[in-house]
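Thanks for coming, everyone. Please have a look at the model on the screen, and then we will walk through it.

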Amino acid sequence: MTDTPTVLFVCVHNAGRSQMAAGWLQHLAGDRVEVLSAGSAPKDAINPVAVEAMAEVGIDIAGRTPKVLTTDAVRESDVVITMGCGDACPIFPGKRYEDWELDDPAGQGIDAVRPIRDEIRARVEALVDEIAPREGR
């Protein structure tokens with residue numbers, strides 16, 4: 001892993017889970033980590049309920065755009081975290097892969113999305129502690 005690890009979050013639509021995870025990682029790790037997100041079949045826009053849920057905790061993901069998953073994005077990443085995208089993600093030797101089983105926020109109301117947001121935060125916090133701990137920790 002490089003001095004500044006790159007993490008790629010992948011879900012099908014790149015409109016909910018992966019965008020929330022990217023928002024959390026950027027918020028919690030800052031410039032200690034490079035953050036990417038993509039989808040195997042990206043939507044045209046981010047899920048507005050995911051945007052609302054993140055805004056409740058002070059993280060703005062409203063300006064982001066879903067992106068298509070590319071082989072280059074996987075190749076450039078040190079850690080690839082998938083969220084319900086099955087076998088769509090290419091596999092390269094030497095990468096760290098994790099699959100996070102999370103409920104899909106698509107079509108859900110804010111009360112259903114908040115626990116997803118909070119579970120993503122807990123997982124991202126653990127990831128940050130592993131790959132980019134603060135000095136002195």
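Where is the place of Ile61? Ile61 sits in the loop between H2 and helix H3 (71-76). A word on what we are looking at: this is a predicted model, where local features need pLDDT of at least 70 and side-chain atom pairs count only at pLDDT 80 or more, while totals for chains, interfaces and linings use all residues. Residues are numbered from 1 along each chain as its sequence is written, and side-chain values use heavy atoms, with hydrogens and water left out.

The element names come from DSSP runs, numbered from the N terminus: helices are H or I with at least four residues, strands are E with at least two.

Back to Ile61. Ile61 is buried, with a relative accessible area of 0%. Buried means under 20% relative accessible area, exposed means over 50%, and partly exposed is in between, with a 1.4 Å probe and protein chains only. What does Ile61 contact, leaving aside neighbours within four places in sequence? Gln19, Met20, Gly23, Ile46, Ala50, Val51 and Met54. Contact here means heavy atoms within 4.5 Å. Gly39 is 22 residues from Ile61 in sequence, and 16 Å away in space, C-alpha to C-alpha.

Next, the helices. Take H1, residues 17-29, and H4. Their axes come within 9 Å and cross at roughly 45°. Axes are lines fitted to C-alpha atoms, for helices over the stretch in contact, and angles run from 0 to 180 degrees between N-to-C directions. The cut-offs: under 35 degrees is roughly parallel, over 145 roughly antiparallel, 65 to 115 roughly perpendicular, and the rest oblique. The H1 and H4 crossing is right-handed. Right-handed means the near helix is turned clockwise from the far one by less than a right angle; anticlockwise is left-handed.

Who meets whom? On the H1 side, the residues include Met20, Trp24 and Leu28; on the H4 side, they include Val113, Ile120 and Val124. The contact residues of H1 with H4 divide into 11 nonpolar, no polar and 4 charged. In this scheme Ala, Val, Leu, Ile, Met, Phe, Trp, Tyr, Cys and Pro are nonpolar, Asp, Glu, Lys and Arg are charged, and the others, Gly among them, are polar.

Now H2, residues 48-55, against H4. They pack at about 60°, axes 9 Å apart. H2 and H4 are therefore oblique to each other. This crossing is right-handed. Val49, Ala50, Glu52, Ala53 and Met54 of H2 make the contact with Ile110, Val113 and Arg117 of H4. That contact splits into 6 nonpolar, no polar and 2 charged residues.

Is Val113 buried or exposed? Buried, with a relative accessible area of 0%. Beyond four places in sequence, Val113 touches Met20, Val49, Ala50, Ala53, Pro105 and Gln108. Ala53 is 60 residues from Val113 in sequence, yet 6.8 Å away in space, C-alpha to C-alpha.

Last stop: Asn14, in the loop between S1 and H1. Most residues other than glycine have a negative phi. Asn14 is not a glycine, but has a positive phi of about 50°. Asn14 is buried too, with a relative accessible area of 0%.

That is the tour. Questions are welcome.
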